[in-house]
Amino acid sequence: MGRPIPPSWPSPWPASSTTLYRARRPPWWHRRRIDRSLPPRRPPRRRGTGPRSSRLSWLRWLLVALLVLVLLVVAGGAGLYVRAGRQLQHVDALGDYAGRPAAGRGTNWLLVGSDSRAELTPQQRKELHVGNNQVRNTDTIMVLHYGEHGPSLVSLPRDSYVPVPGYGSRKINEAYADGGPRLLTRTVEQATGLRIDRYAEVNFLGLVQVVDALPDGVRLCLERPLRDERSGADFPAGCRRMNGTQALAYVRARYADPQGDLGRVKRQRRLIGALADGMTDSRVLLDPFRLRRVLDVSVAALRVDQQAGMAQLLDMGWAMKRLAGGSGAATTVPVRQPGVMVAGAGSVLLWDENGASRLFRALRHDDPIPTSVDK
């Protein structure tokens, strides 16, 4: 069969000759004139071929690979998140009682560093320079507040002389020894007028293990040399990387510090900031095996209140990260007279009532810390 006649071609032959016409070439007046000087036409390119299509295909596969990688990371992170939440240890630290402060704006955490030696072997006690004292006190007491005006971290020196419910006026760290986390929380609430929403506690050994789980430990800086035989601190001025044992010695030193307990609380805040930096380092977040180890060690070292979970811990960690980055404010409760000798209590710190009242009122209303107490 020949090629069919296009509708636009008039047939010069009768219908009976159509078959013959179809088998022949079209008449010369229907033929297209070809200009031999023009280059030959290229055949039409099929869709999906050529250099541009190859680039698009390569980009498409790259995007698919990246998407799969992101999904794997998210799934792995979610798995670690759930696993850590199941291992979290809880303690009865909060409770209602008559006269408890009303809830204010924002969230208040009570952060406690316990000097418990119960889990330490004799060799570990020797290496960490913590002695054999079996009394459980608190080396670190801080209130972390965050809300609409950024995070604020307030140190409460362990020698602060405050009323302990049921025991009269004593050093604030003795409340933990007298009644555990619940009495300490109540003591802090009564002394500050703040309602504590969340509680977190870490002990000596836990702190050392968390620092050692981080790549290269933590980076800490000293304005002047720090040497304290009791804590084991022996550091020159300047910045350096510290492992867990060194970080514990750094944060516990106070006898060789001219500022005593006030100097120690400043180093405690620096260590917390360094920990926040280390735990959010890309070498931790992008390495699933290291991230798992850091999470496992951190969760094992922590005890939190019964209502706290991983979501609340992430909020707290983000607030600490912002503080380490220079956002927010960190200070110590204003002290009126340090080193006052009190019968039965020894050397204590007395708060400046006016300065402390303004500080805690600002936190209760989620206002920025007054500049006169921000230090």
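The model is predicted, and local features need pLDDT of at least 70, side-chain atom pairs count only at pLDDT 80 or more, while totals for chains, interfaces and linings use all residues. Residues are numbered from 1 along each chain as its sequence is written, and side-chain values use heavy atoms, with hydrogens and water left out.

**Two residues to look at**

- Thr-187 is found in helix α4; helices (H or I, at least four residues) and strands (E, at least two) are DSSP runs, numbered from the N terminus.
- With a relative accessible area of 0%, Thr-187 is buried; buried means under 20% relative accessible area, exposed over 50%, and partly exposed in between (1.4 Å probe, protein chains only).
- The side chain of Thr-187 reaches the backbone oxygen of Leu-183 at 2.8 Å.
- Ala-233 has its place in strand β10, residues 233-235, and counts as buried at 4% relative accessibility.
- Not counting residues up to four places away in sequence, Ala-233 touches Leu-226, Arg-227, Asp-228, Ala-249 and Ala-253.
- From C-alpha to C-alpha, Ala-233 and Val-251 are 8.8 Å apart in space, and they are 18 residues apart in sequence.

**The sheet**

- Strands of a sheet pair through backbone hydrogen bonds, either parallel or antiparallel.
- Here, seven strands form an open sheet with mixed pairing, in the order β1-β12-β7-β2-β3-β4-β13; two strands pair if DSSP finds at least two bridges between them.
- At the edges are β1 and β13 (329-332), each of which pairs on one side only.
- On average, neighbouring strands of this sheet are turned by 25 degrees against each other, direction ignored.
- Strand β2 (residues 107-114) is mostly covered, with seven of its eight residues buried.
- On one pairing, β2 joins strand β3 (residues 138-146) in the antiparallel sense over eight bridges, and Val-112 stands opposite Ile-141 in β3.
- In another pairing, β2 and strand β7 (residues 198-203) run in the parallel sense over six bridges, and the bridge partner of Gly-113 in β7 is Val-202.
- Strand β7 is also joined to strand β12 (residues 302-305) by three bridges, and these two run antiparallel.
- Val-202 stands opposite Leu-302 in β12.
- Helix α7 packs on the sheet, touching β3, β4 (152-155) and β13, and its direction makes about 60 degrees with that of β3.

**Two packed helices**

- Helix α6 (residues 244-252) and helix α7 (residues 261-279) pack at an angle of about 145 degrees, and their axes are 8 Å apart; axes are lines fitted to C-alpha atoms, for helices over the stretch in contact, and angles run from 0 to 180 degrees between N-to-C directions.
- On the α6 side, the contact is made by Ala-247, Tyr-250, Val-251 and Arg-252, and on the α7 side by Arg-264, Arg-267, Gln-268, Arg-270 and Leu-271.
- The residues of this contact divide into four nonpolar, one polar and four charged; Ala, Val, Leu, Ile, Met, Phe, Trp, Tyr, Cys and Pro count as nonpolar, Asp, Glu, Lys and Arg as charged, and the others, Gly among them, as polar.

**Salt bridges**

- The structure holds 15 salt bridges, a salt bridge being a side-chain nitrogen of Lys or Arg within 4 Å of a carboxyl oxygen of Asp or Glu.
- One of them joins the side chains of Asp-92 and Arg-182 (2.7 Å, N to O).
- Asp-92 lies in the loop between β1 (89-91) and β2 and Arg-182 in helix α4 (residues 174-192), so this pair ties together parts that are 90 residues apart in sequence.
- Both are partly exposed: Asp-92 has a relative accessible area of 35%, and Arg-182 has 40%.
- The side chains of Asp-216 and Arg-283 also meet in a salt bridge (2.9 Å, N to O).
- This pair links distant parts of the chain, 67 residues apart, with Asp-216 in the loop between α5 (204-213) and β8 (218-222) and Arg-283 in helix α8 (residues 282-285).
- Arg-283 is partly exposed, with a relative accessible area of 37%.
- Salt bridges that share partners join Asp-96, Arg-100, Glu-189 and Arg-195 into one network.
- Within it, Arg-100 forms a salt bridge with Asp-96, the closest N and O atoms being 3.1 Å apart.
- Arg-100 is buried at 17% relative accessible area, whereas Asp-96 is exposed at 64%.

Key
Contact = heavy atoms within 4.5 Å. Polar contact = N/O pair within 3.5 Å; in protein donor to acceptor, adjacent residues only side chain to side chain.
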